[in-house]
Amino acid sequence: MSSTRFRIVASHAALIIGTALMILPVYMAFVASTHDLSRSLTGLPLWPGAHLIDNYGQVLGEGMRSYGLPPIGPMLFNSFVVALAITFGKIAVSILSGFAITYFQFPFRILAFWIIFATMMLPVEVRILPTYEVVAGFGMLDSYTGLSLPLIASATATFLFRQVFMTVPDELTEAARIDGAGPWRFLWWILIPMSRTNIAALFVITFIYGWNQYLWPLLMTKDVSYYTVIMGIQRMARASDFQPQWHLVMATVILALLPPVIVVAAMQKQFVKGLFETEK
Amino acid sequence: MRGKRVTFPGMAVPAILLAPQLAVTFVFFVWPAIQSLRSALFRQDAFGMSEEFVFLDNFIKLFAEPDYGQAFGLTLFFALATTVLSMGLALLFAVLADGVVKGAAIYKSLLTWPYAVAPAIAGVLWWFLFNPTIGIFSRALAAIGIDWNHHLNSGQALALVIIASAWKQLSYNFLFFLAGLQTIPKSLLEAAALDGADGFVRFRKIVLPLLMPTTFFLIVTNLVYAFCDTFAVIHATTGGGPGTATTTLIFKIYRDGFESLDLGGSAAQSVILMLLVGTLTIIQFRYIERNIHY
């Protein structure tokens, strides 16, 4: 075997191990979610069992009621509402502010820029308690508003739109102004249609971001009817450490990771574009 | 910051345009941050009824506390281990995926989708694989004589959260390394090959230096990820334990503030983490500004 040939075989071998490493945890979760309780306790086989419909039906409709946890159906619904509210809110708010800082000259423009930039330096993790108090003060605990509104401010998305708008030729603006179009018409009829692909890319990234929120819903919700599915899992896993219900926990895990994974798989191109645009 | 040459007149319109973003930013970001700073300088009684100005006392107490120093050291170790493990494997897979012809597209999509998995779920997945009684990995380890129990063994608990955190971040790093590799001109590598440089030399002398900007960018984002986002991994699995074996800075802020109700101490910790994350963000932002040409 020549050395090139050996190198190719070794490359494929390493890549197969790598992909297996990425897939295995989710595959095992799927396997666990298709067996009944006794099977998942006496040593799980490596292939799926026959209890898929039973288990998923149970978590969706019934959940782990005996632990005071709601069924997963409503939690998934909450996650959808919150993720979509964050996504649409963030896109709308960022388009508007990106438009303001590129297409207008006004005093405090630089100050506005820096205040927006501050969001990048202050992730929720570093200001947990006071943010909680602010939201509580507004009476927004246990509400969809409290779960989504504080997360729609975004420096990265604003800068993304600024960057997109900077590439729009000035001649277009001049032509629009000569034709008598004001800023709102220009934004609605020219800038937004021209940023379609960027909006799609941002949609994918923000949906994943919103869906995968953990600390925020953990702080915001006491009422189980507002739990999102990602944070709900933690309660189930904790309960499972004492009285194992792994087949149900893993069914929930699969249901919870499916929506963002489907979005990434279906919108691969927009996903990669969004990733590079928002981060770099 | 540059704006457009051709702009619209008026001040009312930009004020309206910026209002939602600035309002949300001020109310939910800037104001709480100021509050953090403020309560870091005060001491509250247990019922929140009164407070007194203590200046830097909370910080001094914090650094005198062995717990905090331990959490700090632990966090640095955790962040470095997660970053090195995740970036190292991602670079390896990116170089290999960039080099193969057959199946390249399949490898790429199979290595990227875990980006969509939430950190909390990544934690639970690995928590399950290593479950002391039924996890397939812990059973495999038992077969070769290693007793795995992350409920009792501190080192193993830490290893678990590092593995789960690195796994979750691998896709992200992989995509950026792959993009970086694709910007390297193939002609450069071919010229080096003609000059007799073998694969390893080409990697070390050409690929690695040209990947430096990507690497640097990723180090900063991975550290920020490890400082902040991994809260979900830890909270959903070890809960900071056993003992304080996986209590990172962010986890300690949460626990001291929400469970022990030590408001001043928690706020002081918040301020320190804010400085840390803020510095990293500025470094990253300056770097991006320099490398992106509009």
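Is A:Lys273 buried, partly exposed or exposed, and at what relative accessibility?

1. A:Lys273 counts as partly exposed because its relative accessibility is 30% (buried is under 20% relative accessible area, exposed over 50%, partly exposed in between, with a 1.4 Å probe and protein chains only). The side chain of A:Lys273 forms a salt bridge with that of A:Glu277 at 3.1 Å, N to O (a side-chain nitrogen of Lys or Arg within 4 Å of a carboxyl oxygen of Asp or Glu). Both residues belong to helix H15 (residues 268-279) of chain A, and since they are four residues apart, about one helical turn separates them.

2. This is a predicted model, in which local features need pLDDT of at least 70 and side-chain atom pairs count only at pLDDT 80 or more, while totals for chains, interfaces and linings use all residues. Residues are numbered from 1 along each chain as its sequence is written, chains are lettered from A and ligands numbered from 1 in the order in which they are written, and side-chain values use heavy atoms, leaving out hydrogens and water.

3. Over all chains there are six salt bridges. One of them joins B:Lys4 to A:Asp170 at 3.6 Å, N to O. This pair crosses between chains, from the segment before helix H1 (12-40) of chain B to helix H9 (residues 170-178) of chain A (helices are DSSP runs of H or I, at least four residues, numbered from the N terminus). Both B:Lys4 and A:Asp170 are buried. A network of salt bridges links A:Asp170, B:Lys4 and B:Arg5.

4. B:Thr237 is buried, because its relative accessibility is 3%. The side chain of B:Thr237 reaches the backbone oxygen of B:Val233 at 2.7 Å.

Methods: A polar contact is a pair of N or O atoms within 3.5 Å; within protein, one must be able to donate a hydrogen and the other to accept it, and residues adjacent in sequence count only if both atoms are side-chain atoms. Helices (H or I, at least four residues) and strands (E, at least two) are DSSP runs, numbered from the N terminus.
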